[in-house]
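Let's walk through this model together, from its overall surface down to a single pair of side chains. Have the structure open as you read.

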Amino acid sequence: MAETDPKSVQDLTAVVQTLLQQMQDKFQTMSDQIIGRIDDMSCRIDDLERNIADLMMQAGVEELEGENKTPASNKG
């Protein structure tokens, strides 16, 4: 029985090492996916900021044109 104990300990150690390696691989995969999604979100936010800036610029130009027309009609 003394001979089976070291073997069972070695087997248990091998199983634990295998499980830990599998967990590490899964966490690495999840980490890579999260980082990828964060990068995608960053690109989307950048696009959204550009679109908002464009819309604000267009709205600002239209507001300025509207303001220029209003005083002209009040004067006339």
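Accessible areas here come from the Shrake-Rupley method with a 1.4 Å probe, and for residues only the protein chains shown count as cover. On that basis the accessible surface of the protein comes to about 7100 Å², and 60% of it belongs to carbon and sulfur atoms. Keep in mind that this is a predicted model, where local features need pLDDT of at least 70, side-chain atom pairs count only at pLDDT 80 or more, and totals for chains, interfaces and linings use all residues. Residues are numbered from 1 along each chain as its sequence is written, and side-chain values use heavy atoms, with hydrogens and water left out.

The fold is quick to describe: the protein has 1 helix and 0 strands. Helices (H or I, at least four residues) and strands (E, at least two) are DSSP runs, numbered from the N terminus. Helix H1 covers residues 4–75.

How much of the protein is buried? Buried residues make up 0% of the 76 residues, where buried means under 20% relative accessible area, exposed over 50%, and partly exposed in between (1.4 Å probe, protein chains only). Phe-27, in helix H1, counts as exposed because its relative accessibility is 53%.

Now for the charged pair. A salt bridge is a side-chain nitrogen of Lys or Arg within 4 Å of a carboxyl oxygen of Asp or Glu, and the count comes to 1. Arg-50 pairs with Asp-47, their closest N and O atoms being 2.2 Å apart.
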